[in-house]
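Here is a short tour of a structure with several chains. Take a moment to look at the sequence and the model, and then read on.

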Amino acid sequence: MMYQIPMESLDRLLAAIAAQQKLYLPTDNTAGEAVYTEWTQGAALSKKLNTLRSAKDFFFPQIQNMAKFRREGKKIEVIDDRAEADDFCIFGVRACDVRSFDVLDNVFLADPVDTWYETRRKHATVISLACTRPGETCFCHTFGIDAAKAGGDIQCWETKDTFYLEPLTEKGQALADALIAADGELLTQCGADQEALVEKETERIHKILEKLPLYDLKAEDNRERELELFRSKKWKELSSHCLGCGACTFVCPTCQCFDIEDFNNGETVQRYRCWDSCMYHDFTLMAAGTPRLTQTERFRQRFMHKLVYYPKAHDGLFSCVGCGRCLRKCPIHMNIVKVMETLKEEKE
Amino acid sequence: MQNELKWRGLELLKDGAVDRILGWRAGQFVYDITPDVFTDPEDLEKNFIYNEFCGANLSKYLIAESAKEGKVAVFLKPCDTYSFNQLCTEHRIHRENVYVIGIECYGKVSVDALRQRGIDGITGIRSEMGSLKIDTIYGEESVPAMEVYAERCRNCKSKKHVVFDELIGADGEVVDDCDRFDMVEKLEQMSAQERFEFWRGELSRCIRCNACRNVCPACSCEKCVFDNPKSGVLNKAAADNFEENMFHIIRAYHVAGRCTDCGECSRVCPEHIPLHLLNRKFIKDYNELYGDFVAGESVGQMSPVADFTTDRDAEPSVVQKGGDQ
Amino acid sequence: MEKEALIPRIGVVTDIRRDTPDVKTFRVVGTDGNKLFTHIPGQCAMLSIPGVGEAMFSITSSPTLEEYMEFSIKKCGCLTAWLHQMEVGQEVLVRGPYGNGFPVEGAFRGKDLLFIAGGIGLAPLHSVINYCLAHRENYGHIDVVYGSRSMDDLVDLEEIKRDWIGAPDMDVYLTIDREQEGWDGHVGFVPTYVQELGFSTDKTAVLCGPPIMIHFTLEGLKKLGFADNQVFTTLEMRMKCGIGKCGRCNVGDKFVCKDGPVFSFDQLGELPDEY
């Protein structure tokens, strides 16, 4: 079943969703970048290709409080103040970020389940949006992702005059039903003619994708070449000017490494987890030293993980979705595409 | 200009005058340029690039490069030469191992500024008579280059090289009317509350990626206090927003008097936080309190707060007291 | 709300023994006086003191002990220094058990076992050796080669003398690095001692100790004719979560906390050597 609504009524649709549950959508911030913000009356959907930070923040926030402890003499009290989350909806998620949820699920939902992640995931409805204007840094196609059919619980398309919605899951259909129940005139069911228009829009997007400079980039299955690639001499060149910052990691929708730390406010100790980066020199540091002595080893770890280790552990699925954020944000423009190209040369 | 730089680099490598060239390596697109070292003339010929996107300041890389055996030639834009001098003052660079090629610069373009104008799907960019012609998969765009220069270039403080062993192109002058303190003045005129809100707003976007610190030529500590788990201010431990804010303010204090206003911090910030304004506030205060002072103007000069004198110190009594004891 | 693996439980320290100048053994039970959880020899647990730190430690007691667990801990960092100054009755946070443990019901069953340990490296082996002794009929001859810097640095020396030396079908070989008054046993490094003793290659060997000891002992065992799949060891990496999610203890696609810490050398041979 597919529904439609005139573009000029998009605000009405957003308001109707927000009346059902908390709604987050990409809006432009003061620095001119798109960020997910909670919808309020008048909030405008960003026209940007994608959000600066990925949608992983909803399920795996940068800082996550875990538990509180109180120490008194020899006693320790554990305060598990986890709260059940409310339902919420993320609107306008691109196909690449939708795939990133699968990548994260494989880690956080694997036994033993991460209950913080799981709770947020259960309560979220993902409304995706087809990319109308992909950029030159996009290469989701490389990983078999279709930017024109973005997936999620409801997938959408925006054309010049019409906005189309297609629920894909029970959760998505339930939201659509709730919207219709609340306002019978909001969504119109699409007929065959309109569905053909969506198909046409999909084809239009596919034609654009074909023109992208990275369209022909191939992701090779390198699971069998783990040791050979690990030992490649190319890592030294590739990493030689890496600053060792965490910009790539933190904007990446699939990077999920975290640290666990305590914050002592004098009364209670708050244990929290926060994003961490394998690019940082202290990431694997122990009292006895670190197995990754230089930036070369740290750099290699990040890309080997995305292109070899993760696929090895998860049936060939890559831990990269081709969103292109690292291509845009690396201060020295050293990125996964350059790594993939270089490793390919190595083979030739 | 790219050809001149490349030709000179090739000559130096082939002559054996230097062992390595520190420059810029071409990427996938016209703008995704990586600082890199070239040792092979053929590699240099093929992959060296110099264009309006070569914004990266190469001076900091010389800390590592100049410590290696042999001689390295480096291309420095006028603003980069200030960082170079400052690092020499701090004994971070082995000057004898470096051959500095100053290069003329009119300003560098920020690709983010293009994107903020809605330009995406970029496949090529050409410079034509002060404007940029941008090819995209959605058609051609044209933008006056000045409008998409990085902030630091729009307010360029100096087109003069404060150090070079040779120069490609002409040397310029210090730009006295660069207006680089305009925004600082605006902030100074705000009420404390307004200013606090301005910074909380800007800094609330910080993701603690440390790109600003790692790229900064003045941040050359071998181990940063924010990387030390025992310091209690671990870099990732942004337990609340206030702590996050303090990171940048502490860093600004630490580089005060040594920051040359090269603007790399703001260039690399993925969240576009105008970090350079913190440093500029210090520079402006220094100028007002101690007389004009430009970090990196020459090698060996002392920062006013590290060089106490009775005649220009804001608090001569303090210096006097110390002297009497 | 369901149980969250990363939220620890409270344990109480009921006994503290000083083993060597820098190693203490802590006995831990739950607040109800019962053992916190059951484990397989070689598995680990996360111990923490709020505001001080959290780290992974080998469970050194045998699973056959039903009343409590023990951890032999060497003082070497912030958390371990704190643990060393605590008194009986102190509560600590515990979560686990983590890791694969030794294949006591798999590859080890029915085999002659050769345990080789250096220094605090005895800690992870302690549990498995006692387990094997408790299920004596399932295992063949047991050899233990254990060395330390000095006599005082031999962990659990009392227990070794009492329970291991002289046990049927078991040989214990102790050594210390340098001559010492009051020591009439063997003097020399573990790898050399293993060579001198020259074990037959039908045994399954387990190594644990400092990297340098492991390196040379493995070389020696290979010279004696041991194959990679006959030799096991345990790895140590920085860990935060203990359940294969935080991403810092990986060696290739394997996580030491989840897929390890016990690996055979033929398994390690297939992994990047970054540990």
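Helices (H or I, at least four residues) and strands (E, at least two) are DSSP runs, numbered from the N terminus. This is a predicted model, in which local features need pLDDT of at least 70 and side-chain atom pairs count only at pLDDT 80 or more, while totals for chains, interfaces and linings use all residues. Residues are numbered from 1 along each chain as its sequence is written, and chains are lettered from A and ligands numbered from 1 in the order in which they are written.

**How the chains meet**

Two residues are in contact if their C-beta atoms, placed from the backbone, lie within 7 Å. Of the 2 pairs of chains in contact, chains A and B share the most contacts. Here 36 residues of chain B meet 40 residues of chain A. E2(B) provides the largest share of chain B's side, 4 residues. That side has 20 nonpolar, 9 polar and 7 charged residues, where Ala, Val, Leu, Ile, Met, Phe, Trp, Tyr, Cys and Pro count as nonpolar, Asp, Glu, Lys and Arg as charged, and the others, Gly among them, as polar.

Chain C joins chain A through 32 residues of chain C and 39 residues of chain A. On chain C's side, 15 are nonpolar, 7 polar and 10 charged. Chains B and C do not touch, and their nearest C-alpha atoms are 9 Å apart.

**A helix with two faces**

Let us turn to helix H1 (residues 2-15) of chain B. A residue is buried if 20 or more other C-beta atoms, placed from the backbone, lie within 10 Å of its own, exposed if 12 or fewer, and partly exposed in between. Which residues of H1(B) are buried? They are Leu5(B), Lys6(B), Gly9(B), Leu12(B) and Leu13(B). These residues cover an arc of only 130 degrees around the axis, so they sit on the same side of H1(B); the arc is that of the directions from the helix axis to the C-beta atoms. An α-helix has 3.6 residues a turn, so residues three or four places apart point the same way.

The buried residues of H1(B) pack against several elements of chain B, among them strand E1 (20-25) and helix H2 (41-47). The face turned away from the buried side carries the exposed residues Asn3(B), Glu11(B), Lys14(B) and Asp15(B). After H1(B) comes Gly16(B), with a positive phi near 80 degrees.

**Backbone details**

Most residues other than glycine have a negative phi, and most peptide bonds are trans. The table lists some departures.

| Site | Feature | Value |
|---|---|---|
| Asp111(A) to Pro112(A) | cis peptide bond | omega near -5 degrees |
| Gly96(C) to Pro97(C) | cis peptide bond | omega near 0 degrees |
| Asp179(B) | positive phi | near 60 degrees |
| Asp261(B) | positive phi | about 65 degrees |

Pro112(A) is in the loop between helix H2 (95-108) and helix H3 (115-123) of chain A, whereas Pro97(C) is in strand E6 (residues 91-98) of chain C. Asp179(B) lies in the loop between E8 and helix H7 (182-189) of chain B. Is Asp179(B) buried or exposed? Asp179(B) is exposed, because 12 other C-beta atoms lie within 10 Å. Asp261(B), in the loop between helix H10 (241-255) and helix H11 (264-268) of chain B, counts as buried because it has 23 C-beta neighbours inside 10 Å.
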